[in-house]
Amino acid sequence: MNQETLPPHVLIFPLPLQGPVNSMFKLAELLCLSGLHVTFLVTDHIHTRLLKYSNIQSRFNAYPGFRLETISDGLPENHTRSGAELMEMFDSLKVKTKILLKDLLTSGKLNSDSRRPVTCIISDGIMGYTCDVANDVGLPIIYVRTISACCLWVFFCLPKLIESGELPFSEDDDLDTPIKSIPGMEGFFRRRDLPMFCRSGDLSDPNVNLYLPEVTENARAHGLILNTFDDLEGPILAQIRAFCPKLYTIGPLHSHLKYKLLGQSSSSPTSSNSLWKEDMSCITWLDSQPTKSVLYVSFGSLAVMTKEQYMEFWHGLVNSGSRFLWVIRPDAVNTDPTDIPLELSKGTEERGYIIGWAPQEEVLAHRAVGGFLTHSGWNSTLESVIEGVPMICWPYFLDQQVNSRYVGEVWKLGLDMKDTCDRVIIEKTVRELMEDRKDEFRKSADEMAKFAKQCLMECGSSYSNLERLVKDIKSM
Ligand code: UDX
């Protein structure tokens, strides 16, 4: 067959973490639905877990143009790849995986008679070395950032913050001092809303080195895909566009895929890319709860609590009197599991339910869920926004400190509880969200959910931007 008549072939390479794998897998499905051939490249570690816990295998059958390929992240299998050791993974990817990626692209392994060689790479922009590889092998590259545009903009402004003397500062300085040198964030953005690593008081912090080149790094790529939508982050997107004119805002990706599948009357409307086993019993439990009565509590895939923090949440939730569904991952608390309570006492067990990992999208879409106590990871935030679920934010690190400020202060979708972990405050905040101010938060959450859904409809911004992306990939 004449290879030129075959569809373009995109290699998608996500950062090997739950959030980015989730959203970029949805992007892969969307591109397959648009008729492109896609190779989804994951590290061996992620591959093993996807095969064990997700329904990724069944998704292959849905798309003839879809392939899964694996690559080593260069770390031993027993490495945690989280918490304090996360940076080691970044370093290993940059050194070891870079060489393997180039070998893979030049090996001919990814093409066949019915599949063109790769015509475009889409990778997570935090892995800048993928752009070096793309340049070496003569391929165009588009970056995806799976964080919010508001946090990406903060990263873009890091050089300015240093130049103006607003960085560095330390944890002991006044964290309520306003930040002045980030255009578009004047007036409401404080030191405490910057990513956690900005508080280290040390410009040689490895995170500063990782994120400082963002503005020049992103400009190297042919384009930038963001998992957000124009009505949510419009003013900040306008700032980013000045540096990255080819900007494709196509989120919320998980719902975008659902809408496309429903449009095609697909019998399989959702995909699960979980790296942990989902406990479906929580859906049965939710079925028996009153409408909008349950607070869903989950701190994502990476956050690790101290025993003290865990106990504050435990008492705060129990004392709030609210119904709650709490996800406690097996590695969520940095103590021996026998050292902390995991079973609810009589009297609380009727209104509380604890599991190790939830089918989160389904939980947030459930009619019984009325609030989300979250770490403000970007996927979790978007999943909550589109379902119109108000949030209590307890950000842990990175973009989460920025996201939670936007949720509380700009979008008015909930309450930001950052930098506190006290049972009395938790109890009070839960009551505020679930009872005292519930109407106010539900109204703004419903309005934003409506905007999110509109952007996915035909001619909506995310819908049109995806069409533009596909057209641009086809013209490469
Ligand atoms: C990490 C960063 O911490 C986050 O700030 C960044 O935006 C992306 O990478 P993570 O901790 O994985 O994210 O949080 P998040 O982005 O919210 O992603 C978690 C994903 O896991 C969500 O898609 C959520 O639906 C899923 N999840 C979470 C489950 O399926 N079940 C659960 O029980 C908890």
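Is L398 buried or exposed, and how many C-beta neighbours does L398 have inside 10 Å? L398 counts as buried because 21 C-beta neighbours lie inside 10 Å, and 20 or more are needed for that class. The views below come from a predicted model.

**View 1. L398 in the loop between β12 (391-393) and α16 (400-410).** L398 is not a glycine, yet its phi is positive, at about 50°. Most residues other than glycine have a negative phi.

**View 2. C459 in the loop between α18 (438-454) and α19 (461-474).** C459 also is a residue other than glycine with a positive phi, near 75°. C459 is exposed, since 9 other C-beta atoms lie within 10 Å and the class holds for 12 or fewer.

**View 3. The cis peptide bond between L167 and P168.** Omega of this bond is about 0°. P168 belongs to the loop that runs between α7 (158-163) and α8 (206-211). Most peptide bonds are trans.

**View 4. The cis peptide bond between G251 and P252.** Here omega is about -5°. P252 sits in the loop between β7 (247-249) and α11 (253-263).

**View 5. The shell around the ligand, with 25 residues.** The closest residues are G19, G300, G377, W378 and S380. Two or more shell residues come from each of α1 (18-33), α14 (360-365) and α15 (378-387). By type, the shell has nine nonpolar, 13 polar and three charged residues. Domain 1 (3-146 + 221-251 + 456-475) and domain 2 (281-453) each supply at least three residues to the shell.

Key. Residues numbered from 1 in each chain as written. Predicted model: local features only at pLDDT ≥ 70, side-chain atom pairs only at ≥ 80, totals over all residues. Near = placed C-beta within 6 Å. Helix = DSSP H or I, 4+ residues; strand = E, 2+ residues; numbered from the N terminus. Nonpolar A, V, L, I, M, F, W, Y, C, P; charged D, E, K, R; others polar. Domains from an automatic or database assignment.
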